Amino acid sequence: KTKGIGSAIMGDCRDCVVVFDPLGEVGAATIRALFSEEKIPEFRPRVRTLIQEPESKAAKALKEMGVVVYIGDMTDAKAVDKVMDGADAMVLLTSSLKFKPGTDLDPNKAKWVSGLQVEQAQTVIKSAIKNEVQSVVYMSVVGTEYVLHKYKSAEIYKKKWNRSITYSEKLIIEDMVKESGMMWTIIQVPMVMELLASSNKGIKKKGTFPSAYKRTVSVGLISCEDIGKLAKMALYNPDDWDKQYFTPMTDKLTPIEQCEILAQARGEIGLWDVNQAPRPVLYLTNPHWARALDTAEEIFEEVDHSRAIRKTKKILPEAVNLREWYEKNGLLGDMDWTESSCILS
């Protein structure tokens, strides 16, 4: 049996984990989990990452945390080879956002590029094989197995007029991960709670609960911090997590229910309402996102995720439900969302 990479003695840990991409909520939470002593304190790997702008706020924050930051793009084979040299494991997150130089990696100024996620994965996985990386945790999206079962293959799904490019690319990358020869774990991420109060998509003023999902669709929820802990567990014991799909979830609630929980907990019943982004408008302004939402809503409606919720609580008992997450992040106090400090980043 392969020795887990996290089995080195605490304080003398020579293990090395590369996290691609560190800029999103999930990537950042995974890095925090790897440095945290809260979960598996004896597992202290060296953490590397790759980032485009060395003087960006993100790069400086990562360095302050203790991350070894390499400069480059995930599609640059030479840059990827440098960061992967000597690595034991990796966490793979791919993104369709192409950042413009000199924008401080601002997602609002990035360009959405079809096929970019697959190109990133191809470059990274090729380098991982070359550098004999032992294991990979890939952050996919909820319900890919449902899409695969319905359409039989990623290639067939890719040809459908209403297919989601996000889902088709994630399916292709999952196949690449499984065929890589590395030990692999695929975490199928549902809606993350952090987006409910993020600086660019979430709550921005008292009484308005924004939602991209339809008001009556029950949506699976998990916190990014808990995803990070699960990734750390998979990296620590890759044998136990090898060839495993895992859908982390602690709640499945409609946007109306999500809003009601917040209103009840704050003592503001009747003062909050869901503001749903009109899907036809979204199809005009952001069609790839609209199609991804259509696919996700179908999955949430057709798939019973009660088992996923039970499994998450069994493997990670401290995983928080939505009300607990609100409390943990101070959203139940006197905040009125008129100050920028009330918005989680």
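Just after helix H10, Gly267 takes a positive phi of about 70 degrees. Helices (H or I, at least four residues) and strands (E, at least two) are DSSP runs, numbered from the N terminus. The structure is a predicted model, in which local features need pLDDT of at least 70 and side-chain atom pairs count only at pLDDT 80 or more, whereas totals for chains, interfaces and linings use all residues. Residues are numbered from 1 along each chain as its sequence is written, and side-chain values use heavy atoms, with hydrogens and water left out.

Helix H10 itself covers residues 255-266 and has 12 residues. From its first C-alpha to its last, H10 reaches 17 Å, close to the 16 Å expected at 1.5 Å a residue; the expected span is 1.5 Å times one less than the number of residues. Pro255, Gln258, Cys259, Leu262, Ala263, Ala265 and Arg266 are the buried residues of this helix. Here buried means under 20% relative accessible area, exposed means over 50%, and partly exposed lies in between (1.4 Å probe, protein chains only). The cover over the buried residues of H10 includes strand S10 (208-211), strand S11 (219-222), strand S13 (251-253), strand S14 (273-276) and helix H14 (322-328).

The protein as a whole contains 14 helices and 14 strands. Of its 345 residues, 53% count as buried. The accessible surface comes to about 16,100 Å², and 51% of this area belongs to carbon and sulfur atoms. Accessible areas come from the Shrake-Rupley method with a 1.4 Å probe; for residues, only the protein chains shown count as cover. Among contacts (heavy atoms within 4.5 Å) with a separation of 6 or more, 77% are made by residues 24 or more positions apart.

Two residues illustrate such contacts at the level of single side chains. Phe246 is found in strand S12 (residues 244-246) and is buried, with a relative accessible area of 3%. When residues up to four places away in sequence are not counted, Phe246 touches Ile186, Ile187, Gln188, Leu230, Trp241, Lys311, Thr312 and Ile315. One of these, Lys311, is 65 residues away from Phe246 in sequence, while the two C-alpha atoms are 8.9 Å apart in space. Ala58, in helix H2 (residues 57-65), is partly exposed, with a relative accessible area of 26%. Leaving aside neighbours within four places in sequence, Ala58 is in contact with Leu23, Ile51 and Leu105. Ala58 and Pro22 are 36 residues apart in sequence, and their C-alpha atoms lie 8.5 Å apart.

Charged side chains were examined next. Side chains of opposite charge can pair when their charged atoms come close. The structure holds 17 salt bridges, each defined as a side-chain nitrogen of Lys or Arg within 4 Å of a carboxyl oxygen of Asp or Glu. In one of them, the side chains of Asp73 and Lys98 meet at 4.0 Å, N to O. This pair links distant parts of the chain, 25 residues apart: Asp73 is in the loop between strand S3 (68-71) and helix H3 (77-84), and Lys98 is in strand S5 (residues 97-98). Asp73 counts as buried at 17% relative accessibility, whereas Lys98 is partly exposed at 34%.

A second salt bridge joins the side chains of Lys206 and Glu268 (3.5 Å, N to O). Lys206 counts as partly exposed at 42% relative accessibility, and Glu268 counts as buried at 9%.

Elsewhere, Lys214, Arg279, Asp294 and Glu297 are linked in a network of salt bridges.

Cysteines were considered last. A disulfide is a covalent bond between the sulfur atoms of two cysteines. When a disulfide is counted as a pair of cysteine sulfur atoms within 2.5 Å, the count comes to zero. Cys16 counts as buried at 0% relative accessibility, and Cys224 counts as buried at 1%.
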